[in-house]
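Hi there,

Here is the structure I promised to pass on to you. Have a look at it first, and then read my notes below with the 3D view open beside them.

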Amino acid sequence: MPVVASSAKPAVRSIIDRMARPSGVGDRVFKWLTLAMALAVVALVFLVGWQLARGSSLAIQKFGFHFLETSTWDPVAEQFGALPFIYGTAISSLVALIIAVPLSIAAAVYLTELAPIWIRQPIVSLIEMLAAIPSVILGLWGIFVMIPWLRTHAFPFLKKIFGWTPLFDGPIYGVSMLAGGIIIAVMILPIITSVSREILRSVPNLQREAAYALGATRWEVTRIAVLSYAKKGLFGAVVLGLGRALGETMAVTMVIGNTPQIRASLFAPGYTLASVIANEFTEATTDVYLQALFEIGLVLFGITIFANLLAQLLLRTIGSTITPRAVQ
Amino acid sequence: MKSSHKHLWRKTKSACAAVIAFVCALLVIAPLALVLFHLIRSGASAINWSFFTELPKPVGVAGGGMANAIVGSFQLLGLAALVGVPVGVLGGVYLAEYGTARGNFALRFMADVLNGVPSIIWGVVVYGLIVLRFKSFSAYAGGLALGFIMVPLVTRTTEEVLLLVPAGYREASLALGISRWKTIVHIVMKTASKGIVTAILLALARVAGETAPLLFTAFGNRFWNHNLSEPISALPLQIFSYAISPYDDWHRQAWAGALVLVVMIFLLNLVVRFLTRERMA
């Protein structure tokens, strides 16, 4: 969407600001009202942090840093350790990134540099459609289509080839860390692709023209003039995808197996921070149990905020305004 | 001779890269094709009239529908809009019309960070805020959770569409002695009204499929909701609880519900596309 040159840019705005003195009561009220609503965005961030900290204060006092490094999760004995969930979130997100990053960056390169013009828009629209599919529906598909196929075809095949490594060893259930990683990969493919595409599009054409003038082929132009120029932004897109992967809930909960354990094998069931909240929150019968789940929420909020801050900083330094709006 | 050989090799490499990138692009959209294929195959056969008009039947009784969940979803979206639209639109107005460059940078930054908060977290926050306080799961709680998710989405898109309104419109109106706030409401927002509607619809389409924030706010309900301070059903919640159930009949209904939900979301997106096309023209 080309931004019209005569839009209310700061320079023009200062003229408008001078033309209109806030004289009436209406003007002042309206300005303060909109300011209050804009500040709601800031207030919401603090509201989340405050609610989570308040809800888990007792658990924090009781368990301290132990919470993050203990791997026992036994609500009956009131023993709570978040390590299996942190591990599950980290590994499933890592698997998702390993699958999704090469695919989506290559797709973004195809869409901005290599594809014939007429095919670009249809593919972009299809990627937007994939982004619009709710997580719970991907989970439904995961349970009834993907898991049976993985169990009977893909996993035995992987085991035959890579069975000698601990990663692809052990019994095959279908529901597993690997299945969780795959479904997260599907969820983050659209966002990494579309943000990467925006970044590649923001690379100045002068870059490409200079490389072409030196006699480079289309791929050489992409590699030398475009990808190396956009490195930082693409890293930002990946971190943004990581932020989404860490917080992905429904689809993962439906395929990961929900077993709080730490296993080297990707075929073994796991559990993530988000899924334990989704599964056990309404079952939390004791105060400590609920507090522990709030603390899990606090940990999840902390790491996703960190990932998102990093992503936004990386995306902003390349000087283009990228809005991953309406992308889940 | 040798140099042309090398040139051919470089050309081949370029062609190979194009093919690989094309295959990757296909792999990115492959899940969409697979999901839609199974949705239609398993969902279409399970959809019938009673799916839209009847309540869920007890376990073991075949038939029944998701009428309450469909209506519940719309009720929740209405409640979410009550929170998300005024806050988001007016926040967007501030960013586009009043904010200073530095302040806007910070606010946009916060909005984008807020947008990355996992949706399940909103469920936990609203649980602490509303459900614990009033000691009951409720439609209000569910609507508030969805509304919070809408805020950053609506704010950012509203700002974008307001910035598309030419500055001349504002100057002309102010030159006629019309006050600033009336200029914004009657000239700027009026001109961008289609864009603002687009912003709202996009946000609604996004939250319509959310399940995680509703799990312990709206909670779900197998009957009609007659009171918004009581638990309410929603299409995504119903799909989830049927999908993880052990009953074949419920699985079929989950597919049917999923098909209905996807069609709803795609229709919303279609309306958005139609509106933006008109605006661009």
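**A buried loop residue to begin with**

A:N258 sits in the loop between helix 11 and helix 12 of chain A. Before you go further, please keep in mind that this is a predicted model.

Is A:N258 buried or exposed? It has 20 C-beta neighbours inside 10 Å, and therefore it counts as buried. The cut-off for that word is 20 or more other C-beta atoms within 10 Å. The backbone at A:N258 is worth a look too: its phi is near 50 degrees, a positive value in a residue other than glycine. Most residues other than glycine have a negative phi.

B:F219 is found in the loop between helix 9 (193-208) and helix 10 (235-243) of chain B. Although B:F219 is not a glycine, its phi is positive, at about 70 degrees. B:F219 is buried because 22 other C-beta atoms lie within 10 Å.

**Chain A as a whole**

Now zoom out to chain A. Its secondary structure comes to 13 helices and 2 strands. Along the principal axes, the C-alpha atoms of chain A fill a box of roughly 70 × 65 × 30 Å. Of its 328 residues, 48% count as buried. If you take the contacts in chain A with a separation of 6 or more, 78% of them are between residues 24 or more positions apart.

Helix 12 (residues 273-280) of chain A is mostly covered, with 6 of its 8 residues buried. Which ones are they? The buried residues of helix 12 of chain A are A:L273, A:A274, A:S275, A:V276, A:I277 and A:A278. In chain A, they pack against helix 5, helix 10 (218-247), helix 11 (250-255) and helix 13 (287-317). They also pack against helix 5 (119-134) of chain B.

Helix 10 of chain A is also where you will find A:V239. This residue has 21 C-beta neighbours inside 10 Å, so A:V239 counts as buried. Setting aside residues up to four places away in sequence, A:V239 touches A:A307, A:L310, A:A311 and A:L314.

**Helix 2 of chain A and its two partners**

Helix 2 of chain A passes helix 13 of chain A in a left-handed crossing. On the side of helix 2 of chain A, the residues are A:V48, A:G49, A:L52, A:A53 and A:G55, and they meet A:Q291, A:F294, A:G297, A:L298 and A:F301 in helix 13 of chain A. By class, this contact has 6 nonpolar, 4 polar and no charged residues.

The other partner is in chain B. Helix 2 (residues 25-55) of chain A packs with helix 4 (residues 101-115) of chain B at an angle of about 50 degrees, and their axes are 9 Å apart. These two helices are therefore oblique to each other. The crossing of helix 2 of chain A and helix 4 of chain B is left-handed. Helix 2 of chain A brings A:A38, A:V41, A:V42, A:L44 and A:V45 to the contact, while helix 4 of chain B brings B:L107, B:M110, B:A111, B:V113 and B:L114. How do these residues divide by class? The contact of helix 2 of chain A with helix 4 of chain B has 10 nonpolar, no polar and no charged residues.

**Where the chains meet**

In total, 85 residues of chain B are in contact with 88 residues of chain A. Helix 1 (residues 2-44) of chain B gives the most to chain B's side, with 18 residues. That side of chain B has 61 nonpolar, 15 polar and 9 charged residues.

Finally, look at the largest nonpolar core, which has 201 residues; A:I137 and B:I239 touch the most other members. Helix 5 (residues 83-114) of chain A supplies the largest share of this core, 18 residues. Leaving aside neighbours within four places in sequence, A:I137 is in contact with B:V35, B:I239, B:A258, B:L261 and B:V262.

Enjoy exploring, and write back with any questions!

Key. Residues are numbered from 1 along each chain as its sequence is written. Chains are lettered from A and ligands numbered from 1 in the order in which they are written. This is a predicted model: local features need pLDDT of at least 70, side-chain atom pairs count only at pLDDT 80 or more; totals for chains, interfaces and linings use all residues. Two residues are in contact if their C-beta atoms, placed from the backbone, lie within 7 Å. Helices (H or I, at least four residues) and strands (E, at least two) are DSSP runs, numbered from the N terminus. Ala, Val, Leu, Ile, Met, Phe, Trp, Tyr, Cys and Pro count as nonpolar, Asp, Glu, Lys and Arg as charged, and the others, Gly among them, as polar. A nonpolar core is a set of buried Ala, Val, Leu, Ile, Met, Phe, Trp, Tyr and Cys residues joined through C-beta atoms within 7 Å. A residue is buried if 20 or more other C-beta atoms lie within 10 Å of its own, exposed if 12 or fewer, and partly exposed in between; C-beta atoms are placed from the backbone. Axes are lines fitted to C-alpha atoms, for helices over the stretch in contact, and angles run from 0 to 180 degrees between N-to-C directions. Angles under 35 degrees count as roughly parallel, over 145 as roughly antiparallel, 65 to 115 as roughly perpendicular and the rest as oblique. A crossing is left-handed if the near helix is turned anticlockwise from the far one by less than a right angle, and right-handed if clockwise.
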